[in-house]
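Subject: Structure for you to look at

Hello,

Here is the structure I promised to pass on. Please open it alongside this note; my findings follow below.

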Amino acid sequence: MNYRSQEILGILLSVLALFVLLSFLTYNPLETPFGLSPEISKKNIMGIFGIYTSYYLMKSSFGWGTLSLPIVMGIMGYTLFTRRNLDLSLKISGYFIGIGIWSSILLAWFGNFWGGMWEAEFPGIAGYMLWHFLIGIFG
């Protein structure tokens, strides 16, 4: 990959990371992409893209732990744009992904005691299932 395309890919990845982060920060669990009306799409700062992105990534993966995803995308975009070595960026990205998964498991643990949206909404489906799996193994 030549330097020009690597810089363009880094910029695109950083901009996408910013869009995903903004859609996550303005996420409302009560907004669903089914039956969207014009007034609902105005609540999320990124509009319909933000509703779809935050709904599917938050619900079907690790809930609020997926806030690490735009951070990792931003780190990788910066690394590609500045043409730095990928080794350190991959190590830091791995740490952020681990923090996201563990925070999702911690949110599922809190949800066990508090109930409501803490149970499966905030940790996400994958985080809740992973917590349930760990409880089944370790008790």
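Helix H3 covers residues 47-60, which makes 14 residues. From first C-alpha to last, H3 reaches 20 Å, close to the 20 Å expected at 1.5 Å a residue. Several H3 residues are buried: Gly47, Gly50, Ile51, Thr53, Ser54, Tyr55 and Met58. Please keep in mind that this is a predicted model.

Now the overall picture. The protein chain has seven helices and zero strands. Read from the N terminus, the order is α-α-α-α-α-α-α. The C-alpha trace spans about 50 × 45 × 15 Å along its principal axes. The chain has 139 residues, and 34% of them count as buried. Take the contacts with a separation of 6 or more: 57% of them join residues 24 or more positions apart.

Next, the packing of H5 on H7. H5 runs over residues 86-114, and H7 over residues 124-138. How do the two axes meet? They come within 8 Å and cross at roughly 75°. That angle lies in the 65 to 115 degree range, so H5 and H7 are roughly perpendicular to each other. On the H5 side, the contact uses Ile101, Ser104, Ile105, Ala108, Trp109 and Asn112. H7 contributes Gly127, Tyr128, Leu130, Trp131 and Leu134. By type, the residues of this contact are eight nonpolar, three polar and no charged.

Is Ser104 buried or exposed? Its relative accessible area is 0%, and buried means under 20%, so Ser104 is buried. Setting aside neighbours within four places in sequence, Ser104 touches Phe62, Pro123 and Gly127. Gly127 also belongs to the H7 side of the helix contact.

Last, the charged pairs. How many salt bridges does the structure hold? There is one. Glu7 pairs with Arg83, and their closest N and O atoms are 2.8 Å apart. Side chains of opposite charge can pair when their charged atoms come close. Arg83 has a relative accessible area of 42%, between the 20% and 50% cut-offs, so Arg83 counts as partly exposed.

Best wishes

How values were computed. Residues numbered from 1 in each chain as written. Predicted model: local features only at pLDDT ≥ 70, side-chain atom pairs only at ≥ 80, totals over all residues. Heavy atoms only, no water. Salt bridge = Lys/Arg side-chain N within 4 Å of Asp/Glu carboxyl O. Helix = DSSP H or I, 4+ residues; strand = E, 2+ residues; numbered from the N terminus. Buried < 20%, exposed > 50% of the residue type's maximum accessible area, 1.4 Å probe, protein only. Axes fitted to C-alpha atoms, helices over the stretch in contact; angles between N-to-C directions. Parallel < 35°, antiparallel > 145°, perpendicular 65-115°, else oblique. Contact = heavy atoms within 4.5 Å. Nonpolar A, V, L, I, M, F, W, Y, C, P; charged D, E, K, R; others polar. Expected span 1.5 Å × (residues − 1).
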